[in-house]
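Me: I'd like to go through this one with you, starting where the chains meet and then moving on to the fold. Could you take my questions one at a time?

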Amino acid sequence: MTKHVTSFQMTNKMNCFKRFQPEVESFGLAHGLPPKSVFHLTLCLDELVTNIIDYGYADFDEHPIDVTITLDGSRVNIRIEDDAQPFNVLEAPDPELDVPLEDRLRPIGGMGIHLVKNMMDRIEYTRADGKNILMLQKNICNECCPQG
Amino acid sequence: MIESKENGIFILAVDGNLDAEGTQAMEEKVLALLEAGETSLLFDFSQLDYINSSGLRVLVLAYQRLKKASGRVAICGIKDYIQEVFEVSGYDKIFPLFPDRNGAMTGM
């Protein structure tokens, strides 16, 4: 059985979008993923990696961020591993969507994570050996159904 | 980015990707327009392929600044998968979204 896996490493000093966007694009193309799914995967990686880089490090050193994307049947798994400070997206507060924009304490805060939680079907966080390991899962068949 | 002005409405046509780099360019442009006293902004996103939460933040910034000045911000031509980002974030209720530029020019 062919294994549908791609792995790559970035660092916090890179223009990460320019690095991972072509990877996700070609992975999607190679496996015939719907463009909308490719967009969701790209956006979620973007939001999470940006978050790691913007808030994750207390020093000014270069840090690796490892990404593995796997296609398992109709399910795409993304694994992100970083050595930034502990950050569990599942515990991040949701944006104040019910509060009018002008009254929100944090007008835009948490929106990136909110998008990720909405566009992924499963998120699992582990902290191990000084690393954040985030496992994201997206069911591609959902995309075909209007209710997906 | 292509800029134009029609009937008092400043139109910013953004193409390609609003990634970190593209968003920074758009933010600088928007701040300059607000600084110059523009009060009606239309973002033409018909050629836009990608936006993230940082891109949304720039739109919200324009909205908040212009609301105080009784100004207007609208968006036209967004692709369906980008519209979903507006819906999930709840910003489809804040920004008038028009299918195309003509509709926006008459509806704004």
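Me: How many salt bridges does the rule find across the interface of chain A and chain B?
Reply: Quick note on the ground rules: this is a predicted model, where local features need pLDDT of at least 70, side-chain atom pairs count only at pLDDT 80 or more, and totals for chains, interfaces and linings use all residues. Residues are numbered from 1 along each chain as its sequence is written, chains are lettered from A and ligands numbered from 1 in the order written, and side-chain values use heavy atoms, with hydrogens and water left out. A salt bridge here is a side-chain nitrogen of Lys or Arg within 4 Å of a carboxyl oxygen of Asp or Glu. By that rule, the count across the interface of chain A and chain B is three.

Me: Which residue of chain A forms a salt bridge with B:Asp19?
Reply: The closest N and O atoms of this pair are 3.0 Å apart. The partner of B:Asp19 is A:Lys18.

Me: Which element gives the most to the side of chain A that touches chain B?
Reply: Helices and strands are DSSP runs numbered from the N terminus (helices H or I, at least four residues; strands E, at least two). Those giving two or more residues to this side are helix H1 (16–30), helix H2 (35–55) and helix H3 (111–119) of chain A. With seven residues, the top contributor is H2(A).

Me: What is the area buried between chain A and chain B?
Reply: Contact (heavy atoms within 4.5 Å) takes in 23 residues from chain A and 22 residues from chain B. Buried area is the accessible area (1.4 Å probe) that two parts lose on being put together, summed over both. Carbon and sulfur atoms give 63% of it, and the total is about 1,900 Å².

Me: Which strands are the edge strands of the sheet in chain A?
Reply: Five strands form an open antiparallel sheet in the order S1-S2-S3-S5-S4 (chain A), where pairing takes at least two DSSP bridges between two strands. S1(A) pairs with strand S2 (residues 64–72) over eight bridges, and A:Val5 stands opposite A:Thr70 in S2(A). The edge strands, each pairing on one side only, are S1 (4–11) and S4 (122–128) of chain A.

Me: At what angle does H2(A) run to S3(A)?
Reply: H2(A) lies across S1, S2, S3 (75–82) and S5 (131–139) of chain A. Axes are lines fitted to C-alpha atoms, for helices over the stretch in contact, with angles from 0 to 180 degrees between N-to-C directions. Against S3(A), the angle is about 15°.
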